Amino acid sequence: MPSKMITHFPWAASPFIMNAPMEGFAGGELAAQVTLAGGLGFVGGTTNLDKEMEIASSIISKEPSFGNYTGKTFPIGVGFLVFITDIEKVLPSVARWKPKVVWLFAAKELSALQTWAERIREVTGGESQIWIQLGSVATSLEVLKIAKPDVVVAQGSDAGGHGIDQGAGIISLLPEMRDAMNQNGFEKVPIVAAGGIADGRGVAAALTLGAEGVVMGTRFLASEEVRLPDDNYRQAVLQGKDGGQYTVRSQVFDELRGPTIWPTGYDGRAVVSASYRDHLTGASIEELRSKTRQAEEKNGKDYGVQGRSAVWAGAGIGLVNKVQSARDIVFEVRKSAVETIEAARSRV
Ligand SMILES: Cc1cc2nc3c(=O)[nH]c(=O)nc-3n(C[C@H](O)[C@H](O)[C@H](O)COP(=O)(O)O)c2cc1C
């Protein structure tokens with residue numbers, strides 16, 4: 001039986017797949033194609049939300065299968081980085097579009113998540129669901145009590161981009177989170193899995209752990225619709241192998257262009273670069289900043305294994321080898337997840 005959660009998304013197919021709301025990377029084109037493939041597309045939070053939603057809307061409205069979609073909400077999600085987003089600037093767009101889901105991540109104080117959740121519910125008349133991405137069991141329980149999210153996104157430490165600096169992989173995090181939520185009266189709140197899932201096998205594993213849907217970030221970095229800073233970034237993703245060696249979690253990536261703006265307790269997973277190798281051999285932050293500045297001044301950007309700038313990507317990078325349309329990614333991953341589960345059943 002497909003997840004109950006999916007009934008809230010009438011166009012969606014099971015297993016339920018989403019792209020991560022990667023700020024600067026996930027725009028209206030990517031989000032629209034993921035939704036049209038029967039998943040839920042997210043745009044990365046931005047003060048230019050209206051523009052991204054217009055892009056998504058123009059793509060979706062041309063699709064005959066969506067022509068008769070009459071939901072009260074817009075079938076796209078939007079994600080906000082709470083610690084850097086001015087809520088007053090984005091609320092009018094949230095009220096206007098009523099995204100199906102508003103995803104919140106990375107607050108300086110957990111109480112900010114409560115404020116955001118309340119304000120979003122207020123301006124959308126309770127129509128937009130609130131999903132909050134979290135990486136630890138204790139924090140999840142606290143946030144469930146104060147912000148009452150509709151869904152928790154469990155982010156494991158294999159995830160690309162930012163996350164908490166003391167986290168576990170999804171294989172232990174998710175079931176422990178599920179047990180703790182069940183024991184504390186949150187048994188009806190679904191969990192969606194994120195972090196290191198890049199193909200149908202990862203999706204099958206997440207479903208088996210108790211996830212009701214799966215978020216992929218790194219896999220969509222190799223989609224046709226994603227917005228990447230340049231081709232070196234793309235090549236660094238496509239060439240990545242042996243993800244635990246090729247990427248690493250560190251706070252140093254956030255220090256390369258000046259002091260980090262991230263809240264305490266966060267770091268980020270990125271490709272092991274010249275900056276990171278120098279950091280390991282004792283280079284000072286000032287030295288790393290100076291080399292990054294020089295390289296970026298010379299070339300505009302400096303992405304890649306030999307580069308200085310951060311290429312955010314997850315430990316599943318070795319499974320991401322070719323560029324495909326976002327639709328093909330969703331179709332392929334969904335099909336392969338079902339096949340994987342059937343094959344696993346035959347081995348039991
Ligand atoms: C390039 C990149 C940018 C990201 N930006 C954001 C962001 O702006 N907001 C957010 O909530 N998560 C962001 N994330 C983290 C994702 O929400 C998610 O946890 C992660 O992509 C899942 O792991 P995976 O990359 O292994 O699929 C980003 C991830 C990547 C790879």
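The structure is a predicted model, in which local features need pLDDT of at least 70, side-chain atom pairs count only at pLDDT 80 or more, and totals for chains, interfaces and linings use all residues. Residues are numbered from 1 along each chain as its sequence is written, and side-chain values use heavy atoms, with hydrogens and water left out.

The ligand is surrounded by 22 residues, where a residue counts as near if one of its heavy atoms lies within 4 Å of the molecule. The closest are Trp103, Gln133, Gly196, Gly217 and Thr218. By type, this shell comprises 12 nonpolar, 8 polar and 2 charged residues; Ala, Val, Leu, Ile, Met, Phe, Trp, Tyr, Cys and Pro count as nonpolar, Asp, Glu, Lys and Arg as charged, and the others, Gly among them, as polar.

The side chain of Gln133 places an N or O atom 2.8 Å from an oxygen atom of the ligand. Gln155 has a polar side-chain atom 2.9 Å from an oxygen atom of the ligand, while Pro21 contributes a backbone N or O atom, 3.3 Å from a ligand nitrogen atom. Of the 590 Å² that the ligand exposes when taken alone, the protein buries 96%; these accessible areas come from the Shrake-Rupley method with a 1.4 Å probe.

Attention now turns to the helices, which are DSSP runs (H or I) of at least four residues, numbered from the N terminus, as are strands (E) of at least two. Their axes are lines fitted to C-alpha atoms over the stretch in contact, and angles run from 0 to 180 degrees between N-to-C directions. Helix H1 (residues 28-36) and helix H2 (residues 49-61) have axes that come within 8 Å and cross at roughly 40°. H1 and H2 are therefore oblique to each other, since angles under 35 degrees count as roughly parallel, over 145 as roughly antiparallel, 65 to 115 as roughly perpendicular and the rest as oblique. Helix H5 (residues 137-147) packs against helix H6 (residues 170-183) at about 40°, with the axes 9 Å apart. H5 is thus oblique to H6.

Two backbone features remain. Ser14 and Pro15 are joined by a cis peptide bond, with omega about -5°, and Pro15 lies in the segment before strand E1 (17-19). Lys98, a residue other than glycine, has a positive phi near 45°; Lys98 belongs to the loop between helix H3 (87-97) and strand E4 (99-105).

Technical notes:
A polar contact is a pair of N or O atoms within 3.5 Å; within protein, one must be able to donate a hydrogen and the other to accept it, and residues adjacent in sequence count only if both atoms are side-chain atoms.
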